[in-house]
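Let me put the thing up on the screen, and then I'll talk you through it.

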Amino acid sequence: MVQYGQAHFDTSFGALSDATRRGVLEQLGRADASITALAERFHMTLTGMKKHVGVLEQAGLVNTEKVGRVRTCRLGLRGLEEEAAWIERHRQLWAARFDELDIVVEELKRKEKANGRKKRK
Amino acid sequence: MDVRRESEATPTKNRTGVERKSERELVVTRTVSAPARLVFEAWTKAELFSRWWVPKSFGVTLLSCEMDVRVGGRYRLVFPHEGSTMEFFGTYLEVTPHSRLVWTSEEGDNGKTVTTVTFDETAGKTLVVLNDLYPSKEALDCGSTGAMPEALEQLDELLASLGSVTVTQ
């Protein structure tokens with residue numbers, strides 16, 4: 001299950017805070033690549049690159065798939081954008097509703113005040 | 001600017017929180033600067049409810065809004081849709097004046113959505129927490145089988161067009 005709360009975005013931003021990981025995303029933006037190829041490209045050990053890819057995968061920024069003995073990495077950005085858009089769509093609907101509700105309720109408040117004044121007379 | 005409030009100080013808009021609490025649950029929170037009894041009134045009187053549930057900015061006008069707000073009572077909202085009409089309807093399951101409302105949405109093909117709203121007043125302000133429990137993950141995900149697919153699509157288009165004109169504010 002995917003969490004859409006603060007924690008989710010923290011994970012995403014945490015994943016983006018490292019220069020190598022940003023480089024990996026940039027690389028994957030051009031073409032899918034194996035972990036071995038990424039390790040070579042960034043002059044790292046296989047273990048080190050696996051860790052970075054793991055963090056990106058955790059954040060939903062990268063998807064990996066093992067075919068035979070090769071693990072291929074590709075961008076998982078689409079999922080993140082869809083989640084954000086989904087939440088934003090609902091938020092805008094509700095924000096618009098509540099903005100109108102505020103107007104209705106303000107009117108009720110004014111009426112109540114006016115009636116209160118009349119009653120005291 | 002909103003001309004309807006020209007003589008008023010514009011109330012500061014409160015933040016609207018939206019969270020997907022689980023695969024089937026959406027939770028919306030907002031504080032309204034008014035006592036719970038007035039917020040409750042705006043949710044339970046058809047003539048008031050119909051003024052805000054479908055915001056003017058959506059470009060859709062409610063054709064009718066009937067609400068029988070009591071346990072077991074029904075509601076029905078009718079919208080124009082592609083030359084015909086579209087209806088939203090359901091039943092009130094709980095009605096606790098000024099603090100809690102629970103109703104179903106039954107227009108979907110694959111089961112009912114249950115909506116629970118609580119009104120929690122503190123120092124003259126009311127925290128509104130709305131919880132939509134959908135019949136399935138899919139119903140909440142894309143709305144293709146759930147509560148208001150077409151309305152959300154229309155909303156998408158509308159929001160896209162609004163987005164392009166309101167940036168300059």
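Look at the hairpin of β4(B) and β5(B): two residues sit between the strands, and Glu82(B) there takes a positive phi near 45°. Bear in mind that this is a predicted model. The strands on either side, β4(B) and β5 of chain B, residues 84-96, pair antiparallel over eight bridges. If you want a pair to click on, Val78(B) has Glu87(B) in β5(B) as its bridge partner.

Now go back along chain B to the hairpin of β3(B) and β4(B). This one has six residues between the strands, and here Gly72(B) is the residue with a positive phi, near 90°. Strand β3 of chain B, residues 64-67, and β4 of chain B, residues 74-81, run antiparallel and are joined by four bridges. Met67(B), for instance, is partnered with Tyr75(B) in β4(B).

Okay, over to chain A. There you've got an open sheet of three strands, antiparallel, in the order β1-β3-β2. β1 (33-34) and β2 (62-67) of chain A are at the edges with a single partner strand each, so each has one side with no neighbour in the sheet. β1(A) pairs with β3 of chain A, residues 70-75, over two bridges, in the antiparallel sense. One bridge to find there is Ser34(A) with Thr72(A) in β3(A).

What packs on that sheet? Helix α2 of chain A, residues 19-30, does, touching β1, β2 and β3 of chain A, with its direction at about 90° to that of β3(A). Then there's helix α4 of chain A, residues 46-58, which lies across β2 and β3 of chain A and runs at about 120° to β2(A).

How do those two helices meet? The axes of α2(A) and α4(A) come within 10 Å and cross at roughly 75°. Anything from 65 to 115 degrees counts as roughly perpendicular, so that's what we call α2(A) and α4(A). On the α2(A) side the contact uses Thr20(A), Arg21(A), Val24(A) and Leu25(A), and α4(A) brings His52(A), Val53(A), Val55(A) and Leu56(A). By type, the contact of α2(A) with α4(A) has five nonpolar residues, two polar and one charged.

Last thing, the two chains together. The contact takes 24 residues from chain A and 28 from chain B. On chain B, the elements that each supply at least two residues to the side touching chain A are β1 (17-22), β2 (25-32), α1 (36-44), α2 (46-52) and α4 (149-166). That side of chain B splits into 16 nonpolar, nine charged and three polar residues.

Key
Residues are numbered from 1 along each chain as its sequence is written. Chains are lettered from A and ligands numbered from 1 in the order in which they are written. This is a predicted model: local features need pLDDT of at least 70, side-chain atom pairs count only at pLDDT 80 or more; totals for chains, interfaces and linings use all residues. Two residues are in contact if their C-beta atoms, placed from the backbone, lie within 7 Å. Ala, Val, Leu, Ile, Met, Phe, Trp, Tyr, Cys and Pro count as nonpolar, Asp, Glu, Lys and Arg as charged, and the others, Gly among them, as polar. Two strands pair if DSSP finds at least two bridges between them. Axes are lines fitted to C-alpha atoms, for helices over the stretch in contact, and angles run from 0 to 180 degrees between N-to-C directions. Angles under 35 degrees count as roughly parallel, over 145 as roughly antiparallel, 65 to 115 as roughly perpendicular and the rest as oblique.
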